[in-house]
Amino acid sequence: MRVWPSVGQIRWGWFLLGVAVLLVWPVFADTHTPTILLAYALFALSLGLMWGYAGLLSFGHTAYFGLGAYVYAIAVINIGESTVPLLLAIAIPAAVAAVIGAMMFYGRISDVYMGVITLVVTLILFKFMNATAGDQYVIGAARLGGFNGIPGFAVLNVPGMPEWSLFGTPLYYVAAVALLGCYLICRWILARSFGRVLVGIRENESRCELLGYNVPAYKTAIFSISAAMAGLAGCLFANWAEIVTPSVFSLRAAAEVIVWVMVGGLGTLVGPILGAMALGMVKLLLGEQTVIDNSLILGLILVIVVLAIPRGVVPAVQGWWRGRIRIRAQRAGHARPRRRLATAATRQP
Amino acid sequence: MDYAAVVVLEILYMIAFIALISAGLAIVFGMMRVINLAHGEFVMLGGYTTLACDRAGINIWFAMLVIAPLVVALVGLLVERLVIRFLYGRMIDTMLATWGLSLLLIGVVTLIFGSSAVSVPAPIPGYQLGTYQMGGYNLFIIAISVALYVAVWLVLRYTRIGLVARGAMQSPEVASSLGYNPRMVYMVTFTVGAALSGLAGGVLAPLTGLLPSSGGAYIAKAFISVISGGVGAVITGTLASSTLYGAISQIVSFASTPVIGELAMLALAIILLRLMPQGISGRFFRDSQ
């Protein structure tokens, strides 16, 4: 089977191993922390898909995560049964991202300007949500609550069965299915010509344009898909935390997901997932102590990774591993032809 | 009548405020195409330096006008040597590294000064304007902002250093072949930018109060005014966008609430960038500085 450069392919063995680990985990340990790590992983996966493959860095991706959380909370308070709120928590961030993405990409805005706009959108949501403390800020039956956020809404239930609530281990399985499902969707997208065009846009935008592809449409589409996944992650987060506060839109939250993806590795899907799980765990552990400030560690990690391993940990390890295999093969006397790394680092000079 | 004067003064103050916090970022971005996301933390460090000096009994004017810029310039020099210089030409990586740096600085300041809000006493008393009580210190901010921009303009326009800096900005190759090391110019530029941020933080400390996370409040405003000011026009571009954002944000604030004023400013930034991705200066003042 041919290995396509830059797109990668699914390793069913590893995938099934992942499924097995996620499946049996609750037998051995508590599921509270793993649930939120799965939501973080899904969030990082959504940014990793867009940034690593289409080369679009949204500095404020947490806007869509937060929107997913807020939309779920507001909708479930008004509706009661959680199926429609869940769908809305995916659809509304996707729609918002489609509008903002279309505005940016059809206006030929890229790089640093895209960074500013995505960040400003997040800031607007942050400032606005912080200022909604008064009684006049209600959507249906839901008070937005300003700085204190929205507490005490119903958690997910089995579709059609409002009395069968999903929390604890069932919520963990929902998060696991969401993550695995989105991973498969990402792989499917990348395996199709749509995904290849995205990688083409990352590599050389004008060439794709000259070949006749509608580049702004592709960019808008992937931005929207990514926001949908971020919204789903936000919905899972809301169900886990059982409260939504404006801190989901904060600069810290915006930085965190970028650090996860960057550390895990650009241009891979498993990198952001592992990065988010590892650093999310670090964050939770650091949150329990007060000796060292949390941002200090996060900042230090980001600086060191950008300087020392700008490709991220997973691509670096993969490169090292393949190098070893090649050396071993050469020593054994049957040298294999050099293959381009499936996750070749691609950064603009 | 008095009310009109109050509104005008408040608008002028907001413009001066945005221009002041953007100056350091504008110089670094305009000259080096480096977006320093730790800029807000540089401003915050200037404020904390003033606070520390004030607590130590040093004259507050000396602290905010001399010590704060010097200390932050030193921090800027360290940052340039240890981080930025490895990342020239990689804009997104620079943004990420400086973002990490900003988190790092927040953490360090929290460790030293704690995470509660502190304030520095304003050294100029308020005055009465008709029936309104006004902060006298706001006038000082306006004055220092004007003085700063005039000084930067004079240096860039009339001194040899300014000439070299502009030359290195226009064409690093030519400047380098004439014997000026662009890396050296970049190092000095970054340090000067940091010093200006420190100055802004020092003089603003009595007005805004201090928190380790207060850099976040500056970075957004500075970031949007510098980017929408446009590259290649450090002074005119930044002044034009500060005027626009300052005026809009204050006018809307007077008409409704400060939060809506700020939201209006951010929304305007999105619209402006959409219409003029090259910035205001890229569209209107092509040949200015």
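Biologist: In the loop between which two elements of chain A does A:Glu242 lie?

Modeller: This is a predicted model, in which local features need pLDDT of at least 70, side-chain atom pairs count only at pLDDT 80 or more, and totals for chains, interfaces and linings use all residues. Residues are numbered from 1 along each chain as its sequence is written, while chains are lettered from A and ligands numbered from 1 in the order in which they are written. Helices (H or I, at least four residues) and strands (E, at least two) are DSSP runs, numbered from the N terminus. A:Glu242 lies in the loop between α9 (215-241) and β6 (243-244) of chain A, and its phi is near 60°, a positive value in a residue other than glycine.

Biologist: Is A:Glu242 buried, exposed or partly exposed?

Modeller: A residue is buried if 20 or more other C-beta atoms lie within 10 Å of its own, exposed if 12 or fewer, and partly exposed in between, with C-beta atoms placed from the backbone. A:Glu242 has 14 other C-beta atoms within 10 Å and is therefore partly exposed. A:Arg108, in the loop between α4 (83-105) and α5 (111-130) of chain A, has a phi near 60° too, but with 11 C-beta neighbours inside 10 Å it counts as exposed.

Biologist: Which residues does A:Ala54 contact, leaving aside its neighbours within four places in sequence?

Modeller: Two residues are in contact if their C-beta atoms, placed from the backbone, lie within 7 Å. On that reading, A:Ala54, which is placed in helix α2 (residues 32-54) of chain A, is in contact with A:Leu198, A:Ile201, A:Arg202, A:Lys219 and A:Ile222. A:Ala54 counts as buried because it has 22 C-beta neighbours inside 10 Å.

Biologist: Which residues touch the most other members of the largest nonpolar core?

Modeller: A nonpolar core is a set of buried Ala, Val, Leu, Ile, Met, Phe, Trp, Tyr and Cys residues joined through C-beta atoms within 7 Å. Here the largest has 203 residues, and A:Ala39, A:Ala41, A:Leu42, A:Ala44, A:Leu45 and A:Val120 touch the most other members. The element that gives the most to this core is helix α1 (residues 2-32) of chain B, with 18 residues. As for A:Leu42, its partners beyond four places in sequence include A:Ala178, A:Cys182, A:Met229 and A:Leu236.

Biologist: How many residues of chain B are in contact with chain A?

Modeller: 37 residues of chain B are in contact with 34 residues of chain A. On the chain B side, α4 (91-113), α9 (215-229) and α11 (258-275) each supply at least two residues, and α4(B) gives the most, with 17. By class, where Ala, Val, Leu, Ile, Met, Phe, Trp, Tyr, Cys and Pro count as nonpolar, Asp, Glu, Lys and Arg as charged, and the others, Gly among them, as polar, that side has 27 nonpolar, 6 polar and 4 charged residues.

Biologist: At what angle do helix α5 and helix α6 of chain B pack?

Modeller: Helix α5 (residues 136-158) and helix α6 (residues 160-170) of chain B pack at about 80°, with their axes 5 Å apart. In their contact, B:Val155, B:Leu156, B:Arg157 and B:Tyr158 of α5(B) meet B:Ile161, B:Gly162, B:Ala165 and B:Arg166 of α6(B), a set that divides into 5 nonpolar, 1 polar and 2 charged residues.

Biologist: What is the mean pLDDT of chain B?

Modeller: pLDDT is the predictor's confidence in each residue, from 0 to 100. The mean for chain B is 85, and 95% of its residues reach 70 or more. The model scores ipTM 0.80 and pTM 0.85.

Notes
Axes are lines fitted to C-alpha atoms, for helices over the stretch in contact, and angles run from 0 to 180 degrees between N-to-C directions.
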